[in-house]
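Please take the sequence and the model together, and read the paragraphs below with both in view.

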Amino acid sequence: MKLIAISTLLILVLLSISSTLTHLYAESWSRHTPGFPDIESADTESLSYLLDLLKRLENLGSLNQVQESSELRSSIEESVERLSRAGVLKREEVAVIRKILTNRTSLNELINTIRDARVRYLLTRLADHYNRYGYVPYEYLKAVISAIKSLHDELDPEDYLLALEVLKRIANVIGARETATALDREALKALRDILASNHNQKLPPRIPQILNMAPNISIPQFETPLSELGLSFNIPTVTFPELALSSIPLPLLLLLLLSIAIPIALYIAMPKILPAMKRVLRSLRTSLTLHRGGLTIASERMSRVVELYWYAVERVSRVTGVVKRDVETHREYLKAVKERLGSLHMHFEEVTQGYEVVRFGGVDESKVIERVERSYRELVHSL
Amino acid sequence: MLFKTIEDRLISSEILIEKDREIKLIVTCLLARGHVLLEGVPGVAKTSMAKAIAKLLNLEFRRIQMTPDLMPLDIIGFYIYDQKTGEFRLKKGPIFTNILLADEINRASPRTQSALLEAMQERQVTIEGNTFKLEEPFIVIATQNPIEMEGTFPLPEAQLDRFLIKIETGYPSPKGFRDLLRRIDEIEEAIEGLKPIVSREDVIIAMEEVKRVRVDDSIIDYIASIVEATRRHPVVKLGGSPRAGIAILRLARAWAYLEGRNYVIPDDVKTVAEPTLIHRLILKPEYEIEGITASQVVRDVLSQVPVPKP
């Protein structure tokens, strides 16, 4: 019964703590659908249009196809414009997409559109180098690509798309065709990511979501393929906050579990440990009381006989190793030490009897003090 | 001195085999002006013990076999019309004695039990409006068979409280049993041939002297602590009442007296605590089912309550 109650308690405590901590550590979710981003009321027609656009882009092999085909470009621009009017796409997204698609935007303009200062700096230096020297060493280009790749998780999707477009153009002018092709494909995916994230954000629960498509870029001589950028659609995952223990740092989790487990273990073990501890403490207390200088129990009001008895008990306990427990009567203690005292037992017995008649019998100690003192001296002298 | 003599006559001479504790407790209870609830299976010398004590103490002994059809008048007595004198004559019931052995009290009807228990409490009986005090010393030794439940009327807890002590007696050891079998005729003759060692008046004087046995304040505190501890024990549903504390005090004094002392020591309290408390504690059913007994609870309490100090 106790075990069931404790197990239930433990589970409840763990669940409540994980819930609390997850809310502290995890991102805040929308109240109405935990684990999902805010779902606004969606224009179904616009979302269908967006989905259609995404499908069209999916069928394309590269962004260059869009940029080089005026018909295709116009069609997509028109779609983007329409989605902008419907509120599906944000204004800044539309602006970036337009700049990418038209292919008429200058390199500097593309770079200046990027909001991230670090990326802007890297690309500006790269562009300056080309403007000054008329070329860019491939290794330099590769280093910048790696640097931007490492910043991928921190960048806005639009910034990333713009950076790819800039790098693609530079790769083209320095003759790194394969690199340019890979960057172009990656840019197309980045464009699809921007559109897909808007689609999923606006998506009501009953409309199926776009599947995650793992990137497949292989760029020659890259230290790390771009596919490791983990490009995917920003699909929100379903989580249960109450069970999201993985969001809690391990040391903290261990500390929490220990802080719960230890009190419960103590609660279970205490009924067994406590009596033993009490016995030890009682023995210690008796021993300490007896050994304390001046003896607390030996007060001015106490008779000499009683005082001598407790001094005798102190001596006997030290010699025999048998400490008088608080629940033990004087006669029980006498019996307990009889064997260990041997022949000295009779002296201790005399002291005990004197103690008894004075302490409980109310006998005037003058009648027994002489006998008790003599026995005490004999006892102490022999011990 | 008194018990020493009783001990010599009954125990040392092996008239009653392995019954020293029971005999001492009964005599103690008598001196403490209490009554005994003696629990034991049939044939363990309950009647023999009571009879032997009565003989040694020169007290009158009566035995009632309690049955379901026994009426209260059968115990306390009634008035009967005497045709010769033309008056109603009192026919006293068996309760008018010093030591009354009420055999199998749990077989009597609740009405008859109440009549007996009331007389025990008041030490007097009322018959048709006339009150008669029972002669001192007066002790009822009520027996119970612990295994027979069919057709019985178990005493309620409130009535059990009126018994000063409960003694649980059992079979003798194998050696004792064989001794008994070998010497049964001799034992029966010896019981019949027991001579008083004191007079009734001596017993009354002893009872008065018991009241003067010194009880230190620390002993009073010790007794109170023990009773209070029974109420706090986790196994106990209902602990000792103030009557239990009074019972321990009275019995401890009588015990000290029989030990030859005119003062009570903590050992006396420890000795009498168990027989005084075991029938007064009501244990929680879940612990009773596990086999925990009141005796274990009392021993546990005694192992935790500190004795008077210094």
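How many helices and strands does chain B have? Chain B has 13 helices and 11 strands, where helices (H or I, at least four residues) and strands (E, at least two) are DSSP runs, numbered from the N terminus. This is a predicted model, in which local features need pLDDT of at least 70 and side-chain atom pairs count only at pLDDT 80 or more, while totals for chains, interfaces and linings use all residues. Residues are numbered from 1 along each chain as its sequence is written, chains are lettered from A and ligands numbered from 1 in the order in which they are written, and side-chain values use heavy atoms, with hydrogens and water left out.

The pLDDT, the predictor's confidence in each residue on a scale from 0 to 100, averages 88 over chain B, and 95% of the residues in that chain score at least 70. For the complex, the predictor gives an ipTM of 0.87 and a pTM of 0.57. Of the 310 residues in chain B, 52% are buried, a word that stands for under 20% relative accessible area, with exposed meaning over 50% and partly exposed in between (1.4 Å probe, protein chains only). Where residues at least 6 apart in the sequence of chain B are in contact (heavy atoms within 4.5 Å), 78% of those contacts join residues at least 24 apart.

The next topic is the interface. On the side of chain B, 20 residues are in contact with 21 residues of chain A. The two chains bury about 1700 Å² between them, and 55% of this lies on carbon and sulfur atoms; buried area is the accessible area (1.4 Å probe) that two parts lose on being put together, summed over both. Y263(B), K309(B) and P310(B) supply 37% of the area that chain B buries against chain A, more than any other three residues.

K309(B) also takes part in a salt bridge with D326(A), their side chains meeting at 3.4 Å, N to O. The count between the two chains is 3 salt bridges, each being a side-chain nitrogen of Lys or Arg within 4 Å of a carboxyl oxygen of Asp or Glu. Across the same interface, 11 residue pairs, both at pLDDT 80 or more, are in polar contact, that is, a pair of N or O atoms within 3.5 Å, where within protein one must be able to donate a hydrogen and the other to accept it, and residues adjacent in sequence count only if both atoms are side-chain atoms. In chain B, the elements that give two or more residues to the side touching chain A are α9 (217-232) and α11 (266-277), and α11(B) gives the most, with 3 residues.

Within chain A, K168(A) is found in helix α9 (residues 157-173) and is buried, because its relative accessible area is 2%. Leaving aside residues up to four places away in sequence, K168(A) touches N64(A), Q67(A), A180(A), L183(A) and D184(A). The C-alpha atoms of K168(A) and L183(A) are separated by 5.6 Å, although the two residues stand 15 apart along the chain. The side chain of K168(A) is also joined to that of E165(A) by a polar contact of 3.1 Å.

T320(A), found in helix α12 (residues 304-320) of chain A, is likewise buried, with a relative accessible area of 8%.
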